[in-house]
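Here is a short briefing to read alongside the structure.

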Amino acid sequence: MSKIEQSWYKPFGLITLLLLPLSALFWVVSSFRKYLYSVKILKPFECKTPVIVVGNISVGGNGKTPFVLWLYGHLIQQGLSVGIISRGYGGQSENYPLLVTELVDAQQAGDEPILLYHRLKCPIAVGPNRQHNIDLLENNYKLDVIISDDGMQHYKMSRSIECCIVDSERRFGNGFVMPAGPLRETTKRLQSVDIVIENGGEANNSYTLKVSNLRLVNSSDYAKNDVSEAHAISAIGNPKRFENSLEAQDITLLSTHHFRDHYAYTVDDFAQFGDDCIIMTEKDAVKCKSFAKPNWYYLPVDAEPNDSVINRLNSILKEKGILNGL
């Protein structure tokens, strides 16, 4: 994590002060753009299929991907046909939009879409143009709903439902928009979304999400739970949460190493560890599959929303006409 990112979660200091003018400019430009959409000067493209956006108002890991995994399964259980679109941050492909298949890797599609496909084996379209992604899915599949992995600030895309995920530990940092703070939009934006879900929030909060850790899986996709010590490697927004979850399983961390979010690993990044055991996140592991050793593991996670989230979401789905009844 860079010094600028570290400053987002510390008391007001010199770095924050120096960046405030840029944050003011960011806020003016983004607010004016949002205003143009609100008064219909700029118009979003229309979608034939209802779109559910799962996003956040801050930068970094908030638990968005585990919630997308859960949401897909929940919608499928209601008898709906579901596809997913993603920006595919970190991926580089010669052609977009890109339909994710077994032949597509994280270098082409980005880490999160590959993780989602590996788990769900569902229609996933990736690319910088969300309209083209949606068109690709609609032209190739008969879908009842499309989940947009991120895209809350992409006002050009029309949407039926917005789910905002908030990290209960880091919250909104110092409360400033980028680059002086971690926010993409001010907290006022939370008043307009359909549901705000706190990842790790207290049980007595209305809408909370708990991320549970599954058994360790190695590079050959075999589950294992008797690892006693390892190096922890991660390129995610909140690595401390990942490391705490390993220690909670009585795993001794030989060392911890943090790379920038969506970092593109190479085999050279692991030379220092020799033949030692390594544990990384599932999102990191999809980028290392081609050169991973047998004693490299990743820790899958699942989202467990509380009953309030499930009931509220079902109610919204019916209000929007996506579900006729449950």
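**Surface and overall build**

The accessible surface of the chain is about 15900 Å², and carbon and sulfur atoms hold 52% of that area. Please keep in mind that this is a predicted model.

*Size and packing*
- The chain has 326 residues, and a compact globule of that length would have a radius of gyration near 20 Å; the value here is 20 Å, so the two agree.
- The C-alpha trace spans about 60 × 50 × 45 Å along its principal axes.
- Of the 326 residues, 49% are buried.
- Among contacts with a separation of 6 or more, 71% are between residues 24 or more positions apart.

*Charge*
- You will find 33 positive and 36 negative side chains in the chain.
- The centres of these two sets lie 8 Å apart.

- The chain contains 9 helices and 15 strands.
- An open sheet is formed by 6 strands with mixed pairing, and their order is S10-S9-S14-S13-S11-S12.
- Strand S10 (223-224) and strand S12 (252-258) are at the edges; each has a single partner strand, so one side of each has no neighbour in the sheet.

*A closer look at S11 and S12*
- Strand S11 covers residues 229-234 and runs parallel to S12, with 6 bridges joining the two.
- Within S12, histidine 257 is the residue that stands opposite isoleucine 233.

Terms used
Residues numbered from 1 in each chain as written. Predicted model: local features only at pLDDT ≥ 70, side-chain atom pairs only at ≥ 80, totals over all residues. Heavy atoms only, no water. Helix = DSSP H or I, 4+ residues; strand = E, 2+ residues; numbered from the N terminus. Rg over C-alpha atoms; globule rule 2.2 N^0.38 Å. Buried < 20%, exposed > 50% of the residue type's maximum accessible area, 1.4 Å probe, protein only. Contact = heavy atoms within 4.5 Å. Areas by Shrake-Rupley, 256 points an atom, 1.4 Å probe, with all protein chains shown as cover. Lys, Arg positive; Asp, Glu negative; His and termini not counted. Charge placed at Lys NZ, Arg CZ, Asp CG, Glu CD. Pairing = 2+ DSSP bridges.
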